[in-house]
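Please consult the sequence and the structure shown below while reading.

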Amino acid sequence: MKRRVLIAFGVFVLFISGCSIQFSQPQNAWQVKAVSAFQNYQKYYLEGRVILAESERRKAISQAKQSAKLETLARVYIADCAIQAAVLNASDCALYLQVKPLVNAPELEAYYHFLSGSLSASEVDKLPSQYHGFAKKWQSGKTTKLDELVLAISPLESQLVSASIAKEMLTLKTLRAIIQTTADYGYKLASIRWMTYLSDRTPDADESAQLLKKIEILTKDS
Amino acid sequence: MSYFRLKLAVGFFMLTLGLVTLGLTGYLLYQKGVFDQKYHFQFTTPSAQSFKVGMPLLLSGFEVGYIDDIHLTETGLVNLRFYVNETNRKWITENSRLILKKPLIGSPYIEILSDRSSPLLADGSDVEMTVSDDINDIIIKLEPTVNQLIAIVEDFSLITEQVSNPEGALFQTLGHLEVIIRDLKESPSFVSSLTGNPEDGQTLSDTLNTTQASIKELQKTILGVSGLVENLNAAIVVPSKDIMTQVSTILTDVTLKLNTLESTVQALGGTDQDILILKQQLLKSVEKTNQLIDKIDYMMQDENSNRLELP
């Protein structure tokens, strides 16, 4: 009897778990896959796992191209541009500019202006919410409390994007805090790029040498 | 039927059977020429190597006789006996000769050279036998020609040597001629006074210039030919068989290797399509696996967002 009860209970549990699994895919599975692939690309790229990142990036673009609606593709392109900026890689967002005339997305337009430094006051509200405080300050031209605003941005990727836009204005302390955070997250590529920038900015020769030594160790194969 | 009659019938049958069998056998043997009279002749050779009992003798391609005995004589020579039948007796005359032909390709055979005008050879007589060897014949025929060629080249070599010798008669004569020409050129008036025509001197001078150039050219040519003849003597008249053999061996080896290479290339070419098909199948498998992974991925996700949030 006890045995039968146990078996019945086990089957019930399996049934309940099975209900949570989606056996069928919705119509816009391509969109979901594109989003998922891009998120993976973002993570791998910041961690410095270049081969995986490139594979996911191609997958995201490929999935986004499944549809004639180019908005997802435009989002992928502009988001890629932002990730490049986050690791201090200069990019002209050429791929996004190709698609831009074919897409009616004011928020993407505002985001592009934000990245390229030509944001207007009216476009601030179209940006993702985490950027509003920083963007208003940046737009006003005032640099007071800019470091606090940057360090308060979440998630880390957005913090890196805004830090790259205002990097010349940031203090060395802020830069060190950003490096510490990227190190905590395991974002190796981001850490290396920001450490390189700090080693150029810092007047302390010892600190510069230490940073360069760290970079050398991190970039060695063995 | 009575027993006696039975015995009679059987006996009669057996007799008839025997007679018929005998008759047929006899007829066949007769047709084969077994009962024909045979005429035997013989010939002697130093060696029995190319001969065997039953070997035919040919006349214009037809078998007219056969060797039926081979034995060694007391003197160490080999005596061979052959026979011809009545029909072919006429081919063996007093002037008939036998030739053992050993062709380069094929087995040896005996050919009869018959002279019908001479009287028939007596039974049991000897016939003259000659051994003919194709290779030796060729060598024998060529040898005098080759010897002549060698002699000609040697003579030619000698002549050119003497002609091209700077201290030889020809070069000395040419040298004297050159001196005369130079002297005449230097005094054209002498010629004019001889001929009475003032222009003759200049004409002669021009002609002599041309002649002088021709003589120099001739000297160069003779020396050139002399060198050529020496090379001819050393390199062509006495060819190196070893080099030719080596070249032949190398070429044969190269040909074999090229044949092997050709078959390998053909085999590789044949696998091109197979590799392409395999590649396509692999790509399909990878694509299907990726699709499966995507589906599993999708199923395992807690939230499926269809909107990419900007970083």
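A:Glu54 is partly exposed, with a relative accessible area of 30%; partly exposed covers the range between buried (under 20% relative accessible area) and exposed (over 50%), found with a 1.4 Å probe and protein chains only. A:Arg57, by contrast, has a relative accessible area of 19% and is therefore buried. The two residues form a salt bridge in which the closest N and O atoms are 3.5 Å apart. The term salt bridge denotes a side-chain nitrogen of Lys or Arg within 4 Å of a carboxyl oxygen of Asp or Glu. Side chains of opposite charge can pair when their charged atoms come close.

Both A:Arg57 and A:Glu54 belong to helix H3 (residues 50-64) of chain A, where 3 residues, about one turn of the helix, separate them. Helices (H or I, at least four residues) and strands (E, at least two) are DSSP runs, numbered from the N terminus.

## Basis of the model

The model is predicted: local features need pLDDT of at least 70, side-chain atom pairs count only at pLDDT 80 or more, and totals for chains, interfaces and linings use all residues. Residues are numbered from 1 along each chain as its sequence is written, chains are lettered from A and ligands numbered from 1 in the order in which they are written, and side-chain values use heavy atoms, with hydrogens and water left out.

## Salt bridges between separate elements

Over all chains, the count of salt bridges is 12. In one of them, the side chains of A:Arg75 and A:Glu107 meet at 3.4 Å, N to O. Because A:Arg75 lies in helix H4 of chain A and A:Glu107 in helix H6 (residues 106-116) of chain A, this pair ties together parts that are 32 residues apart in sequence. A:Arg75 counts as buried at 5% relative accessibility, while A:Glu107 is partly exposed at 21%.

Chain B also contributes a salt bridge, between the side chains of B:Arg97 and B:Glu128 (3.2 Å, N to O). B:Arg97 is in strand S5 (residues 97-102) of chain B and B:Glu128 in strand S7 (residues 128-133) of chain B, so parts 31 residues apart in sequence are tied together. In chain A, salt bridges with shared partners join A:Glu54, A:Arg57, A:Arg58 and A:Asp80 into one network.

## The disulfide

How many disulfides are there over all chains? The count is 1, where a disulfide is a pair of cysteine sulfur atoms within 2.5 Å. A:Cys81 and A:Cys93 form it, with their sulfur atoms 1.7 Å apart. The pair links distant parts of the chain, since A:Cys81 is in helix H4 of chain A and A:Cys93, 12 residues away, is in the loop between H4 and helix H5 (94-99) of chain A. Both cysteines are buried: A:Cys81 has a relative accessible area of 5%, and A:Cys93 has 7% relative accessibility.

## Helix H2 and chain A as a whole

Chain A has 12 helices and 0 strands, and 44% of its 222 residues count as buried. Helix H2 (residues 29-47) has 19 residues and reaches 27 Å from its first C-alpha to its last, close to the 27 Å expected at 1.5 Å a residue; the expected span is 1.5 Å times one less than the number of residues. Because 16 of its 19 residues are buried, H2(A) is largely enclosed by the rest of the structure. After H2(A) comes A:Gly48, whose phi is positive, near 85°.
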